[in-house]
Amino acid sequence: MTVFEKPQALTEAPLHYCPGCTHGIIHRLVAEAIDELGIRGRTIGVASVGCSVFSYNYFNCDMVQAAHGRAPAVATGVKRSDPNNIVFTYQGDGDLAAIGTAETVHSAGRRENITVIFVNNAIYGMTGGQMAPTTLPGQVTQTSPYGRDVTKVGYPIKVCELLSNVDGAAYLERVAVNNVQNIKKAKKAIKKAFQNQIEGKGFSLIEVVSTCPTNWGMAPDKALNWLEENMLPYYPLGVYKDITAEEEK
């Protein structure tokens with residue numbers, strides 16, 4: 001009989017996220033990976049600015065709070081100060097793909113041996129639902145009430161596709177947590193990203209396509225359907241780079 005318990009890498013603090021938000025699922029997957037790899041005692045997480053700003057309350061490991069967008073830079077310092085540390089960042093799209101774009105790209109370019117968990121819900125969540133770098137063309141937000149007009153504000157940033165052209169990136173995969181099958185794949189990808197760091201393979205980023213029912217103005221079940229019908233066609237799931245697989249060919 002399988003007994004499901006709270007991962008040791010999660011604290012007892014109740015999550016503050018909105019009903020239907022998938023941050024909680026992602027937190028659990030990260031915590032399970034840490035537990036299964038036996039690395040909690042030397043893991044240090046870097047919290048970003050956004051809805052995940054309080055992740056330091058939920059992960060039962062050492063945590064550092066970074067300024068907006070600077071999590072990869074902070075993680076670089078933490079990792080370089082003691083390479084035995086296992087360091088991960090937990091960031092949203094407004095943090096990583098907007099103000100933190102340079103830090104993300106250059107950390108990958110330097111092949112920093114860190115793990116980045118990137119949550120893409122196509123909107124600024126914490127600040128009220130403004131258009132984000134990942135907002136879909138035509139998507140309605142607080143600052144694009146008539147839909148994102150690409151002729152005026154440009155196209156969304158596809159992070160995995162962008163970083164796949166950076167030589168220093170070791171492992172890039174886009175996953176989702178909208179159903180059981182995808183959750184299992186997401187867990188496998190997150191665990192592999194940590195394993196890559198343990199083995200010294202370099203920069204790994206897992207992009208998790210997520211929902212924001214509150215700012216999308218939808219019930220949780222409708223948000224999951226909207227994600228599958230709209231986000232996944234624009235942000236296809238899959239491995240975008242894996243140097244291990246390339247070396248084995």
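1. Let's start at one end of the sheet: Tyr 171 stands opposite Asp 242 in β7. That is part of a pairing in which strand β5 (residues 169–176) and β7 run antiparallel, joined by four bridges. Strands here are DSSP runs of E with at least two residues, helices are runs of H or I with at least four, and both are numbered from the N terminus. Two strands count as paired if DSSP finds at least two bridges between them.

2. A word on the model: it is predicted, so to speak of local features takes pLDDT of at least 70 and side-chain atom pairs count only at pLDDT 80 or more, while totals for chains, interfaces and linings use all residues. Residues are numbered from 1 along each chain as its sequence is written, and side-chain values use heavy atoms, with hydrogens and water left out.

3. Now the whole sheet. Seven strands make an open sheet with mixed pairing, in the order β2-β1-β3-β4-β6-β5-β7. Its edge strands, β2 (62–65) and β7 (238–242), each pair on one side only. On average, neighbouring strands are turned by 15 degrees against each other, direction ignored. Helix α7 (residues 180–198) packs on the sheet and touches β3, β4, β5, β6 and β7, and its direction makes about 160 degrees with that of β5. Axes are lines fitted to C-alpha atoms, for helices over the stretch in contact, with angles from 0 to 180 degrees between N-to-C directions.

4. Have a look at β3 (residues 86–92), where seven of seven residues are buried. Buried means under 20% relative accessible area, exposed over 50%, and partly exposed in between (1.4 Å probe, protein chains only). Ile 86, Phe 88, Tyr 90 and Gly 92 point one way, and Val 87, Thr 89 and Gln 91 the other. β3 runs parallel to β4 (residues 115–120), with five bridges; Phe 88 stands opposite Thr 115 there.

5. On β3's other pairing, five bridges join it in parallel to β1 (residues 43–47). Thr 43 has Ile 86 as its bridge partner, and Ile 44 has Val 87. Both faces of β1 are covered, with Thr 43, Gly 45 and Ala 47 on one side and Ile 44 and Val 46 on the other. β1 also pairs with β2, parallel, over four bridges, where Val 46 partners Val 64.

6. Finally, Glu 207 in strand β6 (residues 203–209). Is Glu 207 buried or exposed? Glu 207 counts as buried because its relative accessibility is 0%. Beyond neighbours within four places in sequence, its contacts (heavy atoms within 4.5 Å) include Glu 173, Arg 174 and Tyr 235.
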